[in-house]
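Grab a pencil and work through these exercises with the model open beside you. Try each task before you read its solution.

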Amino acid sequence: MKVKVAFLFLVILVMVVIFAPIFLNNDPFSTNPEISLSAPSTQHLLGTDLFGRDNLSRFLSGGRTTLGMAVLSTSFAGVVGLTVSFLPLLFGKWSEALLVIVMSGLLAIPGIMVALVMITLLGQGIYQVAFAVGLSQIAPTIQICRATRLQVQASDYILASRALGASSVRIAFFHVFPNMLPMFLGYLGLVMSYSIFNSAALSFLGIGVPVGTPDWGILLAEGRTLFSVAPWMSIFPGVAISCTVLAVNSVFDTLAALT
Amino acid sequence: MIRKRIIISLWLIILVVLVGCSSENNDVQLNTIVYGLTLEPSGIDPHIYQSAELGIVLRSVYDTLVYRDPETLEIIPGLATSWVLSDDGLSYTFSLREGVTFHDGTPFNAQAVGANLDRIVDPETASQRAKFMLGPYVGYEVIDEYTIRIDLSQSYIPLLDAFSQVYLSIASPTAFNEYSRNRYQFFQVGTGPFRFVEYVPNDRIVIRRWEDYTWGPTFYDLPVDNSVEEIIFRFFDDEATRLLAIESGDVNVMGELPPTDARALGGNSQVQLLPVDVPGQPLQFMFNTQQFPTDNPIVRQALIIATNRNAIVDTVFQGFSSVAWGPLSEGSLFYNRQMVGVYEHNAQQARELLAAQGFVDGDGNGFLDAPNGDVEIVLIVPPWGRVPQVVQLLQDQWRDVGIRVQLDQVPNFNLLREAVDAGEYNLVSFDTPGIDPALLNDYFITSGVRNWMGYSNPELDAILQEAVVIADDSQRRLLYLEAQRLIMNNALILPIREYRNLNATDSTIEDLQFDAYGWFPILNNVRLTTSG
Amino acid sequence: MGQFMIRNVISVLITLWFAVTVTFFMLRVLPGDAISAQLIQAGATEAEIIGQRDALGLNQPIIQQYVDYMIRLIQGDMGDSLTVGLPVRLMIQQQISPTIFLACTTMIVAIIWGVLLGIGAVSEATFIRRVCQLIVNLAISTPIYWTGTLLIIIFAVELRWFPITGNGNAKSLILPVSLLSFHVSGAIARIVQINLNEIKRASYILVAHAKGLTAQYILYRHIFRVALLPIISVIALQYGFLLSGTVITETLFSRPGLGSLLLSATQNQDYPLVQGLVVLTATLYIITNLIAEFLQKIADPRL
């Protein structure tokens, strides 16, 4: 029941974020100092920001940025993490030891530092931030994937097919890999919510996506500094981030349980 | 076995909690205030570093040879009681005050001043600001115990202005010789009304009143019972907490409030807003005159005209600052009032100017066409001075006249320099505060270290170079008025707003004044309200 | 036991070496450094900059710098900060106690809260279950700087119960600890909840029920003991979150500490300081994990 609600929420969210900007009259970039920081009204349902830009259209196109970046960095971390954790199956024992060293070494480096260095290096931009956030999630993803793989490898089913003489490559691709997927998918939900959080945290520290980009993290950070004059500004992006994270977690959990 | 371990760990936890809870206590009851700064961990040695924040603290730890009267802006005696400029303008002779000692007991005399000068110009010191303020300094000669002569290679009138600034503070030679270049900043010793107690980067700076101080400049009051005796400076990087910290009583004074918060303060009777003008260059963008399309002066003029500075001041600065029209703010010496109103906002005129230069929107995509694609302006955006907010309005205002704006955000000065050196920009934001317009030389002389406009104009060079040599104020005025006119005629900069620091004090603070430079509080005169 | 120790020491050292090496080369990819920035600001000439960089060994081939750095590191010398000029070790010493204290207090509070919330979220009483579930959901889904701002506005500005800043006294710790532990406890509670739910369905608990044992007894005697394992591992996992959480908490509450030091050091490209901080955080991370592993062995001798 709850999952259905979460799933429905995500579907509606994605639809709204993709299609709503087409129907909106207000340009998310158009400034109008005359109506700076006006409260919600019929013309501007969520009010306007410091520069008189329409909060609703910024919120909706911000959804595109935020969700798009989350999908990008999650897939990046997911693909790399899964692939790397899978390699020892093909290359044998020494690569397992190597993987453990690389993995624990990377885990020990603070993710926030990795993201900071990457953004300083690449400059502030949507793709750069998505990359930096994804990069900092790779080590934990490898860790989870490897733990899952070990669990699967130890299962009776795999031991049985090994006993039956199946080649290790065959076991890897046809038996271990499919069985790793459920837990992996469940974990992806977590990576995705971390990605949303972390890019928002980078915006808070002033090194996230470029200024002026509509993005929930930036909107929330901006709203926070204007809390004393315009408390309504931060409510929608804040609630949207919370609901999205909850819904993503819930849906991916169920997905993991189903497969 | 297990139980034993658990008990031990429980004990450890309790121990940690107890140790942490034991709070530090002061034996003596001092009149203490907490002052909120925006300083992030960095160096605070005035001879080495250049931040304005370090001066907020150290202005009261050190004295300078001369002071600037906050009312009249005249140069008045400090550690030097009088001074004589030689007829050829090549040497200044300072007569020093007698009976002054540093906080560590070292006597103040001509040798001490000399040692300070040696330290400032020493290449090992790698001074970021102080060294350059000395201009064409070549050396000094100690005439007697209390007389020193400073020699220059050419006449340099702004030298007295330099000696009135915190960066040329006179520090105890005993102290800075005892510690290395980097360590001295933690053990600073001056002659000022407060002595330096400690600096913990990231956490606090503490200064305490020096009871034996009797040699202050005329505008320093004598201490009374409720004068402030101890000041703890704390750092607030996150601007959203600054207002909250003063409202919650965490700090008594807060500098650099965000303008929207200062606006919201109107209803709070407990907290007073204290806006202070900061003279010098306004918040400005420099045009790169070597890069298409800002190599065209008409395009530069069109961009200034396309900028609605009133809108920027009203929103980003909430009307607290005034619009800037030229390369100097109103509070600076020799400010050219005739610049007011030049290049007033007029989007239609900007469009016409651009069209007359052949920039039209042929493909109808809303942006003017360049030989390859659209006309695009690249802005280097540093994080300070609310530039990130200003550029969001600029972006939309210029879009209105068909100019596409590309933002190049840089997180620190280092990467700003990298971006400038790469040369792929049209505008970059940077400016310097100060009273004497000699600060323009770094920017607008061909060889200036901050000539990021890539601009060269022999006429302007000659004027600016002459203006630091001539002693006569009325002649200097004429030269600087002309320099300001030339700069704007050639549309070298886009001035945005005059600086105004928004400070706030709570009801415990009485008489917080700022010195002539606007940034630095006169902490000596601060008193606590006597209600309690 | 001895073999366990030796194996651990070796793996710890290799992990540390790898973390330090990756950081070293990652930072060297960045253009410029704090020293050049300072000198450029000082208007130094190209030759002066090269001279100063030479003196600091920054112009040597990168491999040479790396070898030098590792040799000095083994001797316990982490070099001097490029921005403030102090020895890195001293700077870390100055800032470590507030952070360690914040982190430890947070962990203790978060474990207590997390376990209670997790148990509450599987409670038979609908009301308690719903309230606990709501708190857990909020804790894992709201950005920390947002809840932090609300906390400051309510408890420091409006009610004036606690100060925002301050270091050393217990009262100034209450808000930052509440904030961090609220978010950490969400993750712990979620794991506790999932495990309790699984164990409740497990066959041996059904047997215990059938034997007529009271619900309380079952919960404490069996469920809790088994649920302890995953909790210990999630505590180790939360370390990373705790670190990035401290960066934000320290910024929000203007507290000194390693988090804000790491942030400014990275932004200022102060290589030696960043490297020193990575050595420290990596060591702490490894120790946390070892302790967690050790505790797991105690809690479940089968491992």
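Two strands count as paired if DSSP finds at least two bridges between them, and strands themselves are DSSP runs (E, at least two residues), just as helices are runs of H or I with at least four, both numbered from the N terminus. This is a predicted model, so local features need pLDDT of at least 70 and side-chain atom pairs count only at pLDDT 80 or more, while totals for chains, interfaces and linings use all residues. Residues are numbered from 1 along each chain as its sequence is written, chains are lettered from A and ligands numbered from 1 in the order in which they are written, and side-chain values use heavy atoms, with hydrogens and water left out.

**Exercise 1: a hairpin**

Task: work out how β8(B) and β9(B) pair.

Solution. Start by finding β8 (residues 194-200) and β9 (residues 204-209) in chain B. They pair in the antiparallel sense, over 6 bridges. Finally, check the turn. The hairpin has 3 residues between its strands, and Asn202(B) takes a positive phi near 80°.

**Exercise 2: a sheet and its helices**

Step four: zoom in on β14 (residues 376-381) of chain B, which runs parallel to β15(B) and is joined to β15(B) by 6 bridges. Here Val378(B) stands opposite Gln406(B).

**Exercise 3: a salt bridge**

Task: find the partner of Arg351(B) in a salt bridge. (You need a side-chain nitrogen of Lys or Arg within 4 Å of a carboxyl oxygen of Asp or Glu.)

Solution. The partner is Asp400(B), with the closest N and O atoms 3.6 Å apart. Now place both: Arg351(B) is in helix α11 (residues 347-356) of chain B, and Asp400(B) is in the loop between α12 and β15 of chain B, 49 residues apart. Over all chains, the rule gives 25 salt bridges.

**Exercise 4: where two chains meet**

Task: describe how chain A meets chain C.

Solution. First, chain A on its own: you'll count 10 helices and 0 strands. Then the contacts: 37 residues of chain A touch 39 residues of chain C. Between them, the chains bury about 3500 Å², 79% of it on carbon and sulfur atoms. (Buried area is the accessible area, with a 1.4 Å probe, that two parts lose on being put together, summed over both.) Met113(A), Phe204(A) and Arg224(A) supply 15% of the area that chain A buries here, more than any other three residues. Last, apply the salt-bridge rule across this interface: you get 0.

Notes:
Contact = heavy atoms within 4.5 Å.
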